[in-house]
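This report walks through a few parts of one structure for a reader who has not seen it before. The sequence and the model come first, and the text follows.

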Amino acid sequence: MSTWLLPLEALPAPSTGAAVLVALLVGAAGALYAYVTRHFDYWRRRGVPFLRPLPVAGNLKDVLLFRKHVGDVLHEVYTQMKNQRYLGMYFLDQPVLFVKDISILKSIFHKDFEYFSDRSFHASRGDILNKESLFGRKGKNWKDLRVKLSPAFSSGKLKKFFVLLDQKAANLVTFLEHAVREGRVVDAKEASGRFTMDAVSTIGFGLEGRSLIDDNDPLYRLLNSIFVFGRLLNILAIGMFVRAPLVEALNVSLVPAPLVAFLRPALGNAMEQRRQTGTQGQRGDFLDLLMELRDKGRIAADDEGDAKPAPDTGAAVSMGGDTLISQSFTFLSAGFDTTSTTMSFALYHLAKNEAIQDKLRAQLKKVQKEHNGKLTYEALQNVPYLDMIISETLRMYPVLPFLDRSCTKDYQVQGTDLVIEKGTVIFTSLYGIQRDPELYPNPDCFDPERFSEANKHSIRSGAYMPFGEGPRMCIGMRLGLLQTKVGLAHIILNFKVSPCAATPEKMSYDLKSVLILPRDGVPLNFCRVQE
Ligand code: HEM
């Protein structure tokens with residue numbers, strides 16, 4: 001007779017202590033399970049089709065296990081949805097409404113913006129530089145600052161930034177010449193990163209960015225991997241989009257302490273020096289503009305040609321404490337990886353498509369000649385093929401592969417029974433939309449002609465938004481585009497780029513970042529263009 005057929009009284013009686021312990025453990029496990037799954041019938045109760053979640057991970061198991069990039073997971077969801085307009089998902093234990101339908105998205109981003117003016121992203125009290133930034137602010141607090149900062153990105157200001165950018169582009173050419181002379185393969189991501197780092201630190205706060213000429217530039221070392229987190233921090237970064245109480249309880253900060261320790265005195269000294277030498281306002285950089293906002297309560301608008309900015313809300317915005325530093329930090333962090341990654345993906349495809357590269361070079365040479373041999377700000381406005389290449393790069397690689405919003409009051413989705421409750425987190429897959437074969441035939445093929453004058457009108461409205469959409473879209477779009485143009489134009493005018501043995505056949509993305517960053521860099525051959 002096997003043991004488990006013994007009559008119960010024949011079994012040794014467990015001690016009372018062990019029985020209590022087992023009961024407690026079972027009870028605790030049950031309570032924990034009930035807690036982490038407590039929202040899991042949210043979508044079922046609302047009759048919204050949903051993806052079956054797993055405890056703790058929700059629908060992000062592969063992201064948490066570092067098997068897939070969050071951008072790829074959302075792209076898969078988008079693709080599997082076929083004709084569904086929206087779907088319930090769970091990020092960790094929180095319900096998220098994933099919206100695929102472009103007309104619903106347009107209402108969320110534009111028409112009914114008053115219901116969706118906040119991002120779901122939540123920075124904790126300890127993450128002061130993100131919390132005070134435009135990206136992290138909410139409601140009126142966000143709107144007041146957005147209106148005040150908008151004039152800092154006008155055409156007139158961009159022209160001043162261009163002068164600073166141009167100097168850094170010359171350093172980029174020298175940096176690449178060294179590599180060519182030494183016969184080295186160049187990581188286009190690294191070269192673009194050094195260029196944008198020097199550009200954003202110079203434009204952002206007048207620190208003379210030196211990463212192109214000095215390997216030990218402290219800012220480059222501190223900021224180089226600002227969006228590449230450790231494994232735990234990457235999970236917490238995802239939590240920041242859906243799990244505000246947890247983020248607050250753990251007081252998570254995405255900004256490394258050494259970077260904060262570097263920025264505070266560096267900016268403080270730069271401002272003090274300008275005050276003492278009476279040079280405030282002369283450099284025309286972003287720091288000058290922030291000081292103007294701090295001292296005068298506004299940044300003077302200077303453009304006739306620009307679209308009229310939203311009217312000032314009239315509210316005063318304090319630039320005291322870390323608020324000013326936070327805006328400078330955002331300028332650096334938001335402008336660095338976004339631009340350098342776009343440049344490097346563009347170079348990757350130019351290297352693989354010689355005909356496209358040659359056509360771009362020919363157009364650049366022609367425009368340069370027409371502007372007395374110089375690539376001026378005005379010259380760069382007249383290179384349509386460069387614009388087409390950058391647009392196609394951002395279509396295939398939207399650096400932020402998703403857009404998020406948080407619903408601020410109950411919202412009835414037009415033409416459906418769905419009421420989005422206040423507090424609901426909304427996500428969409430930018431990557432999915434921009435690689436959708438029904439919107440872009442042959443979507444994995446790099447084809448700048450999609451954005452030619454003749455073709456671009458056939459792109460469906462709302463199907464291209466690498467800078468986001470609506471009042472909350474990227475404030476630095478024109479600067480990001482300008483930086484990308486300047487960097488690419490100088491490279492292609494001076495160098496021929498081609499694949500090397502280490503160039504990946506297909507791009508894969510760094511799993512330790514929520515941004516789309518090339519996982520193994522972009523190694524390419526560079527050689528000097530013969531005049
Ligand atoms: C190629 C370059 C860039 C890309 C692809 C990019 C993309 C984006 C995207 C997708 C968003 C979210 C928009 C939304 O939710 O609708 C965003 C927001 C933002 N970006 Fe950019 N960006 C770039 C360059 C820059 C630069 C150069 C700056 C500043 C110097 C900047 C500053 C910001 C800020 C402050 C926000 C938050 C805006 C707000 O919430 O009001 N970005 N960007």
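The model is a predicted one.

**Cysteine 474**

Cysteine 474 sits in the loop between H19 and H20. A residue counts as buried if 20 or more other C-beta atoms lie within 10 Å of its own. Cysteine 474 has 21 other C-beta atoms within 10 Å, so this residue is buried. Its contacts, leaving aside neighbours within four places in sequence, are Phe467, Gly468 and Gly480. An unreviewed UniProt entry lists Cys474 under "binding site".

**The shell around the ligand**

Cys474 also belongs to the 26 residues around the ligand, and is one of those that come nearest, together with Gly335, Gly468, Gly476 and Gly480. Two elements give two or more residues to this shell: helix H15, residues 323-352, and helix H20, residues 477-494. H15 supplies the largest share, 7 residues. By type, the shell consists of 14 nonpolar, 9 polar and 3 charged residues.

**Aspartate 436**

The loop between H19 and H20 also holds aspartate 436; helix H19 spans 430-434. Aspartate 436 has 19 other C-beta atoms within 10 Å and is therefore partly exposed. Aspartate 436 is 358 residues away from tyrosine 78 in sequence, yet their C-alpha atoms are 8.8 Å apart in space.

**Strand E7**

Strand E7 covers residues 425-429 and is mostly covered, with 5 of its 5 residues buried. Val425, Phe427 and Ser429 point one way from the strand, while Ile426 and Thr428 point the other way; all are buried.

Which strands are joined to E7 by bridges, and in which direction do they run? The table gives the two pairings.

| Strand joined to E7 | Residues | Bridges | Direction |
|---|---|---|---|
| E2 | residues 94-99 | 3 bridges | parallel |
| E4 | residues 402-406 | 5 bridges | antiparallel |

Single residues can be followed across these pairings. Leucine 97 has isoleucine 426 of E7 as its bridge partner. Leucine 403 stands opposite threonine 428 in E7. These two residues of E7, Ile426 and Thr428, are the ones that point the other way from Val425, Phe427 and Ser429.

Note on methods
Residues are numbered from 1 along each chain as its sequence is written. This is a predicted model: local features need pLDDT of at least 70, side-chain atom pairs count only at pLDDT 80 or more; totals for chains, interfaces and linings use all residues. A residue is near a molecule or strand if its C-beta atom, placed from the backbone, lies within 6 Å of it. Helices (H or I, at least four residues) and strands (E, at least two) are DSSP runs, numbered from the N terminus. Ala, Val, Leu, Ile, Met, Phe, Trp, Tyr, Cys and Pro count as nonpolar, Asp, Glu, Lys and Arg as charged, and the others, Gly among them, as polar. A residue is buried if 20 or more other C-beta atoms lie within 10 Å of its own, exposed if 12 or fewer, and partly exposed in between; C-beta atoms are placed from the backbone. Two strands pair if DSSP finds at least two bridges between them. UniProt positions are given in the numbering used here, feature names are shortened, and annotations may be inferred rather than shown by experiment. Two residues are in contact if their C-beta atoms, placed from the backbone, lie within 7 Å.
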